[in-house]
Amino acid sequence: MPPSPRPLGVAPAPASYSLNLFPRRRCLPARHAVSMAASHAHDAHFLRRAADVADRSAGLASPHPNFGCVIARPQLETDDVEAWVVGEGYLYSQGTPCAELLAAEEAGEHARGATAYLNLEPDDCYGNSTAVSSLVQAGVTRVVVGLRHPLKHLRGKAIQLLRHQGIQVDVVGEDLQSKLFKEALGSCLIVNAPLLYRAAFHVPFSVLKYAMTADGKIAASTGHASWVSGKASRGRVFELRGRSDAIIVGGNTVRLDNPRLTARHVKGGHVPVRIVMSQSFNLPEEANLWNVHDAYTIVATQRGARRDLQKKLAMKGVEVVEFEMLNPRDVMSYCYDRGYLSVLWECGGTLAASAISARVIHKVYAFFAPKIIGGVNAPTPVGELGMKQMTQAIDLIDVSYEQVDRDMLMSGFLQPIPDLSPVIPSVDEIPSVDPEVSPYETNIISFYKTWDTFGAFANFSPHPISLPDENGDCFTWPTVEHYYQAHKFVSVDNPQARDIVQEIKQARSPEEAARIGRTRQRELPELIGSPRKLM
């Protein structure tokens, strides 16, 4: 089976390896023995693959970490290491089966005696050690862990439970140390960089994206910017948006470009919140961003700015948030309070410079197009930073280059990924109001994704409940959020409303149920009935 395409942001794995996945405690015949270096090469390879698998949940699992599990066992009849993978899984979103359970189910009997590779130590969101018990019951005899869990109350817990069950557990940097493992550890850090940055700096992980010509311009002197980069590069931007909790632009971008800022590459997939920063609130009354049917929009502005326009946008469903002094640091603190892990900045040079100066930008994605447009007054991707000498320039870290059709993509970090034991915010620090519900909506739930030890007492808790459905029959709802979203439509005698209820019932996760319910509510407000108890 050929390897799947590499996800954005994850470094490629080494090309080939020799083979030994048996636990080190087991004595192998001499003819099958391989060097320790070869064994380490395979461990590092499959750990990087676990990070690749975990990356598939980027944008879907927030605010949870990205988990990936790969189960592999040696097949003496083939030297193709990819054929040795018998199961893999990743966290689709909160409330869905954990990565370890999915990988074990796929592996079946082939998991017995195999090795499981985890980019991150399992957590305990179900409160019953499902991840650990899945590996134990599957018959896995060895587990390789890239990173210990960042939550202090969970750190080392799963590793201890696995070892107590007689399973050999090797942790990178502790039991496994070499250059190969250092590279594999880098992949594990990158795939959960948003969580690590958020925990270390108390702001969301922020990525600045821009496309510029070969002479460093992001638009013509007139402000016209469609299109600097090619179609393939724009596809990569949609992918970046789909991995983010929010997208930020400035007022000038709204006035000149009138963008939609949607992740159009996946229908029905994760849709980030769109945030407009405008100090003066000098914004048009009509704009694509004011259409909140497909994505939620927030406008951040300074207190008292154009109250008349604020009211008009609020009537359209746009949320307006006032700050005493509008600046990137305070906006990022606000996004942190709303629980966002990752934010994508698609702004102009002035706002980009302000965000960099405020030290809230952590990574840069720069698309270089093979074009020259010139112009003394043509805008550049980053405005004035106050630097007078080249020695003051900010050096990017871990820079990588990639050809994207005719364009070149360069990416690099402004600040290194924190290699620490991060502390996740306590329950008291997480907002109690659903951040995706407009403050002008009368029905607002009183809890949202509460992050406690067991993920309990939240609409998004991964626990089913038995309550009557729209027909009064007892129905097992996957989560409270499924019930809550469906309840909006049950009091309306309309075939379309009944179809929406069924769609919500079949949602694979509480996040998906929330997306369906909120989107249909914005699109079809006439189908929202008065609350009616079903209990």
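**Notebook: cysteines, sheet, helix and hairpin**

I looked for disulfides, taken as a pair of cysteine sulfur atoms within 2.5 Å, and the count comes to zero. A disulfide is a covalent bond between the sulfur atoms of two cysteines.

I note the basis here: this is a predicted model, where local features need pLDDT of at least 70, side-chain atom pairs count only at pLDDT 80 or more, and totals for chains, interfaces and linings use all residues. Residues are numbered from 1 along each chain as its sequence is written, and side-chain values use heavy atoms, with hydrogens and water left out.

I checked cover next. I call a residue buried under 20% relative accessible area, exposed over 50%, and partly exposed in between (1.4 Å probe, protein chains only). Cys347 is buried at a relative accessible area of 8%. Cys474 counts as exposed, at 65% relative accessibility.

**Whole chain**

I counted elements as DSSP runs, numbered from the N terminus: helices are H or I with at least four residues, strands are E with at least two. The chain has 14 helices and 16 strands. Of its 535 residues, 56% are buried. I take contact as heavy atoms within 4.5 Å. Among contacts between residues at least 6 apart in sequence, 71% join residues at least 24 apart. The accessible surface (Shrake-Rupley, 1.4 Å probe; for residues, only the protein chains shown count as cover) comes to about 24000 Å². Carbon and sulfur atoms hold 53% of that surface.

β7 (residues 246–250) runs parallel to β11 (residues 342–345), joined by three bridges. Ala246 has Val343 as its bridge partner, and Ile247 stands opposite Leu344. β6 also runs parallel to β11, over four bridges. There Leu208 has Trp345 as its partner.

Are the faces of β11 covered or open? Both are covered: Ser342 and Leu344 are buried on one side, Val343 and Trp345 on the other.

**Helix α4**

I then listed the buried residues of α4 (residues 157–164): Ala158, Ile159 and Leu162. They sit on the same side of α4 because they cover an arc of only 100° around the axis, taken from the directions from the helix axis to the C-beta atoms. These buried residues pack against α3 (130–138), β4 (142–147) and β5 (168–171). The face turned away carries the exposed Gln160 and His164. Just after α4, Gly166 takes a positive phi of about 85°.

**Back to Cys474**

I located Cys474 in β16, where it stands opposite Pro468. β15 (residues 465–468) and β16 (residues 474–477) pair antiparallel over four bridges. Their hairpin has five residues between the strands, and Gly472 takes a positive phi near 85°.

How values were computed. Pairing = 2+ DSSP bridges.
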